[in-house]
Each structure stands twice: as structure tokens, then as C-alpha cells.
Amino acid sequence: MAIRILQKEKLFSLEGKHTQYVFSIDENNLVRHLYWGKKINNLEDFSPEKIVEISSNDPTLELTKEEYSPQGGLRYKESCLKVQFQDGTRDIVYSYEGYEIIHDTLIIKIKDKNYDFFKINLYYKIYEDEDILERWTEIKNQGNEDVVVENILSAEFNLPEGEKYTLTNVHGRWAGEQVQFKQDLSYGKTVLESRRGVSNHNHNPYFILDSGANEDYGDVYFAALKYTGNFKIVIENTPYNTTRALIGINDFDFMNTLEPSESFVTPKVICGYSFLGFGNMSRRLNNFALKYVIPEEQRNKIRPVLYNSWEATTFNVKVEEQKKLAKKAQEMGVELFVIDDGWFGRRNSDKDGLGDWYVNKEKFPQGLGELVDYVNSLGMDFGIWVEPEMVNPESDLYKQHPDWVYSFPKRYRNTLRNQLVLNITKREVKDFIITFLDKLLTDYNIKYIKWDANRPISEGGAYNLPKNKQRMLWYKHIESLYQIVDELRKKHPEVSFEACASGGGRIDYGALSHFTEFWTSDNTDALDRLMIQYSYSFIYPTKAMRAWVTDCPNFVNNRYIPLDFRFHSAMLGTLGIGGNINKWSEEELRLAKEKVREYKDIRNIIQKGNLYRLKSPYEGQISAFQYSIKSQESVLFVFLRGQNFGVFKHNINLKDLNENSMYEVIYDNVTYKKSGAYLMNLGIDIILIGDCASKLIKIREI
Ligand code: GLA
């Protein structure tokens, strides 16, 4: 049973295969957190301890671990919910009303004691097999007066006491996103957030808290928000040696007036506990995403090898050149040809064109169909880049509809990359986007949309919204984005949607619930990518991670990396090629063809399998990644950043093999046989010579 309840004690237990989450309602009607950890079967063991005041400065509510702490009464801790009632009361006193179970979801119903028309529902959905819990919150105004909501987070978590926690997340910026950091929590609060309207490059909407864990061992608590907009994560070490973690929509420039009969549902949080370190956490999330998050119609499809012409031609798109690229790509084994920016409007640079979604006649005198048909005639699918939420002030669209962007009446409209953000909370703007994209997808045989968003929102004026909802624009922008993509997916279920925002600015579980995959970063330097991809893999699925092989020296670091290494690095996700292959030598084209074939042979293991991060690129010159399916088939990638002191032999122990089985190991075109026990305990010696050397080894159970 995934949900168990002790009726008399009002105790609730949510249980996965190996983990358990417990809370109860105490005599003061507070929803008290009791436990999150390994399974403890006997529910009678649990009871909320009596909390006694330490002093007049330490009220009991400060010491109480609640499931969802609102602002009110003697609470000074970070709160999940802050409202103002019509009489000016800015204080919530809640009490428990009851519970409901719908399938595998438990709903805890609470209400305000004096304003009993104000209801709060706490949702807990348990995925037993995956040991994943999904949490979210709903508030309802069932009264006759408005309730102003100033803050509403999705969930609060209380970590087991007596441990010191380390927070893992990423920091970064454009072309430097997903750089992992680990931070020991000290006193006070740690806040990670986005105020930009997209989940953004700076941090990512999740937390991982561990107490001395590594890849294979130790306690790890994690939660990831299904939301693409402004988020906020607050981790608080209290004066009482406890750690709390809150996650949800950012209260920055947020205000939602709930009118009578209105309700609001927060984004969901995917969370869990692993006692087997970070590796187990990542593999569970990977499987969960493949099973439940990626849009259903695309979920089980193997991702094609794509070619994208952006780095090759940038805005300088010419149909003949694109055709040449397509031919070369097809010869290499590419399955999907994607034309990036520059095909529409007066788009010869980033100064003009955004918003004018007609095919550029000078670049495509015979229309876009010429290229689409050519690509199809080569047996490849066709994909195309769009940036629907944006507009250049130079564009015809902006001249016709200067009122379609977010803005304040007297303020200068700040551009970034020469563009403004369309107010997609407006019905007509939303319709415009749906109409042009629907037409594009109907007129041409397009199977892939790369959906970009190259700047954050600023001057967030949305006067189409009622006065009391204007600060909901950040939320409503994302709501509209999801609705637009969903509508297009419904009309064109065969189309995949890639979420991109100046590279990896839109990597989050909200995006992955509507898009098929992510553009991970504009940084395609194969060495930097190892670090970016390593951090990405902590939370997000391999199958959704697009990675390209591009030209050297790479524009980010001006570094030369052998083509072999570039391929191996990009093969850690869904392979793409993004270089100017018209300029590649015969030898490079031959190698590329071989690598694409090799990737196709093993991509099932990479895209669906379990990832074991054997050696981290953050820790030394060597990094190693093993992907495995059911202990039967594995591929191992090993990378040497730079050779030092003449050391060329590196020993790697494999994981996830059957000790007693024999395996065939294919390494440098030589096949030999070893037992699983040998490969896991003694490992394989890998020879890597020189800077940026890499190997791909295949292991198969006999
Ligand atoms: C963004 C994307 C790139 C490319 C350009 C096109 O920067 O991240 O991959 O599509 O826009 O302008």
C-alpha cells in the first residue's frame, strides 16, 4: 500500500518501495512533519513529540516542523504562504479539516480558523515503484470577499535532524551554464532564485541536500520544481539545529488576488530520498522522467541524430548552401536536418525579423518547400528554429502592434539582443503565435521545432490583465507558453519541441512536461560540455539532453579538440552535429560517419539506460561515464583532459554487472572476455595518450 493512514492518530504515511514520508495532525491541528527516509514499517512507532517553549523568544511554532508553514502567529521562519484578507488581516491560523485519497494522491485539507472560506489543500502523489513523491498546493477562496496572495510556494521540506547538509546546485551564465557547486550550509538562509521570467542560466529550480553522500552511498534529499518561470528555493538552518527547504514560484513581483470562487494551484515538485547517494537519485529521476514527464506522444521514441546549421551559417542562410549541408549530413547518417535562425523576415542579423514569420524570399526564391522537399528526398526529417515569444522593434510586427510587448507607459523599453518580449498573456498575441506556427507546421513537412527565447522579461507591464492580477504576468507568461505548446502538440503530435533559451536557459521539469528535449548550452566546447552534461545528469534525463559536435577551434574557448573526443562527448546525450560540414575534410567526414553509425548502435543504451558517473570531470583529468541496460549491455566512455607526468594508463571499475556472468568487452576493436566480478572489482585498464584523448568501450553479457 503506497498510502497508509492511522485514523485515530491522524497519521499519514506515503510509501515507495524503499522510502517513506510521514506526517500527522497534532492536538493543535497543526500538520506536523515526522519523517522522511528509509522505510519504517510500524506506523505505531511514530507520534509527534510535545514541543515546549525554550524561552519567550523561542515560540513553539518556530520549533515545530510543519508540512506547510504559512505566515501568521508566532512564526518568524520563512513561510510558504502569505495572504491578506479584506479586513487587513495579514495572518493565517490554520486548522485541519480532513483528508481525501484519489488513486495514489493524498489530499490534506486545511482552512483558516476565522476565515474558514479560505481553504488550503496539500497534495501528495506517490509513485511507489520509482520511490518518487510529487507535492503541490492549492488554495481556494470560497467566500464573498477577495483574498490577496503575496506568496505561495509549492512545498516545504524538513530534513532529519542532527546532520549537517551540503547543498548541490549549479551556477552559471550564457555559455557557462550548469556549473556544479556544492555548498556546506551554515547558519541562516541560502536562497537560489530566478527573477528573469525563465528558469534561466544562473541556477536551476531544484535542491539536492546530502550529508556526506557520494555517488554510491549516503543520504540524499532532492526536489525539483516543474516550472519554467521565476522560482525560489530557500534553505534555512534554524537556530534549533534543523534544516528546512522551501521551493516554489518566486514571490518577487508576485501578487495574486483570489476573487470569490477562485482557486490557484502551484507548480508541482518532484521529490525523493536516496540512501544510495547521488547516482541512485539521478537514475530514479531519469526513469521517472522517461515514464511520466516527457510528453506522452514523444516519450518512447528514440531521439534522432540531427544536424543543425546555426554554427555553420549563422544568419547568412542560402538555400544552395543549406542543401549542400543537408547532403553532407545525410551521407554522414544524420536523420533530422534543422535550419536555425535566419530563414524568415529581414533576418540578416539579430537586429530585425523577429515577429515577421514569413519565409525570406531572397534566401528562398522558390520558397522554403524547396529545402524541406530536398531534405525529405534525402530520407531525413526537417526541423526549424523559431523564437515565438520575441520581437525586434525593427520588425513589421512591432510597427503594427507596439502594444504587444510588456512595457510601462512612461518607461523606455529596454532591449536585449535587440529584442523585446511579447506579452503572450494577451489573447491576440497568443493566437498570433499559435496561428503562425500551426500554418508553418501545416504548410511544410516539419518534424522538429527548436523553440528559443533569447532574453529575460523586463518592464513587466501587462495592462490587459485586471489591475489586481497584473503582477501575475510572470506566472501567466509561462502558463500561456505551456498552453501554446500544448495546443500545437495536440494539432501536430508527430512534432518534437526542443526548449532552448539562449542555450540552456530553459532546463527544468516544467519545460520537460511540455517540450521533448533541451538545448543544453550554446557552449559546444567538448571539454566544457563534459562538466555541463555531468551536472545536468544529476537531475535531468539523458534522452532530453541535446549535444552537438562542432568545429574547432571552438568559438567559446578557442580550443582545438580531436574530432573523436568531440563525438564521444556529444554521444553522452542525444547526438547532433553542428559544425560547418561543408568544410570538413574527407577524413573528418569518414570518421563522422563511423561515429554516427556507432552512436545509432548504442543509443538505445544511452537514451534509455542507467547512467553511472564513474569519474567526475570536476575532480581530475579523467572522467568516465557508463550507461547500462539491465546489467546486460553497457557502454563506457572515458575522457582524458590533459596528460600529465607521462601517465597514460587509467583503471576504471565498472558498475551494474552480474558478478557471475561473463561479459564480452570490445575495446579498440579487440574483443576479450571477463567476468562481471572481475570488471567491477579489478576493472579495465584504459590507455589514453596525449591531451583530450577518449575511448568508447562496449560491454555485453554473453
Ligand atoms: C540562441 C540559441 C542558439 C541559436 C541562436 C540563433 O543563442 O541558443 O543555439 O539558435 O539563438 O539566434
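In which loop does valine 317 lie? Valine 317 sits in the loop between helix H4 (310–313) and helix H5 (319–332). Helices (H or I, at least four residues) and strands (E, at least two) are DSSP runs, numbered from the N terminus.

This is a predicted model: local features need pLDDT of at least 70, side-chain atom pairs count only at pLDDT 80 or more, and totals for chains, interfaces and linings use all residues. Residues are numbered from 1 along each chain as its sequence is written, and side-chain values use heavy atoms, with hydrogens and water left out.

**Valine 317**

Valine 317 is buried, at a relative accessible area of 4%. Buried means under 20% relative accessible area, exposed over 50%, and partly exposed in between (1.4 Å probe, protein chains only). Leaving aside neighbours within four places in sequence, valine 317 is in contact with Gln322, Ile339, Asp341, Gly342, Trp343, Lys363 and Phe364. Contact means heavy atoms within 4.5 Å. Lysine 674 is 357 residues from valine 317 in sequence and 52 Å away in space, C-alpha to C-alpha.

**The ligand site**

There are 13 residues around the ligand, and Asp340, Asp341, Lys450, Gly503 and Asp522 come nearest. A residue is near if one of its heavy atoms lies within 4 Å of the molecule. By class, the shell has four nonpolar, three polar and six charged residues. Here Ala, Val, Leu, Ile, Met, Phe, Trp, Tyr, Cys and Pro count as nonpolar, Asp, Glu, Lys and Arg as charged, and the others, Gly among them, as polar.

| Side chain | Ligand atom | Distance |
|---|---|---|
| Arginine 417 | oxygen | 2.9 Å |
| Aspartate 452 | oxygen | 2.9 Å |
| Tryptophan 519 | oxygen | 3.4 Å |

The protein covers 97% of the 310 Å² of accessible area that the ligand has on its own. Accessible areas come from the Shrake-Rupley method with a 1.4 Å probe.

The structure holds 50 aromatic pairs. One of them joins tyrosine 534 and tyrosine 618: the ring centres are 5.5 Å apart and the planes at 50°, so the pair is tilted. Rings of Phe, Tyr and Trp (its six-membered ring) pair if their centres lie within 6.5 Å; planes under 30 degrees apart count as stacked, over 60 as edge-to-face and the rest as tilted. Tyrosine 534 lies in helix H11, and tyrosine 618 in the loop between strand S31 (610–615) and strand S32 (622–629), so the pair ties together parts 84 residues apart in sequence. Tyrosine 534 is buried at 6% relative accessibility, whereas tyrosine 618 is partly exposed at 26%.

Threonine 542 lies in the loop between helix H11 (526–539) and strand S29 (545–549). Threonine 542 is buried too, at 5%. Beyond its neighbours within four places in sequence, its contacts are Asn286, Tyr536, Leu572, Gly573, Thr574, Ile606 and Tyr627.

**Backbone exceptions**

Most residues other than glycine have a negative phi, and most peptide bonds are trans. Alanine 175 has a positive phi of about 60°. This alanine 175 is in the loop between strand S11 (166–171) and strand S12 (179–184), and is buried at 8%. Lysine 630 has a positive phi near 45°. Its loop runs between S32 and strand S33 (633–640), and lysine 630 is exposed at 67%. The peptide bond from cysteine 552 to proline 553 is cis, with omega near 0°. Proline 553 falls in the loop between S29 and helix H12 (563–570).

Terms used
Polar contact = N/O pair within 3.5 Å; in protein donor to acceptor, adjacent residues only side chain to side chain.
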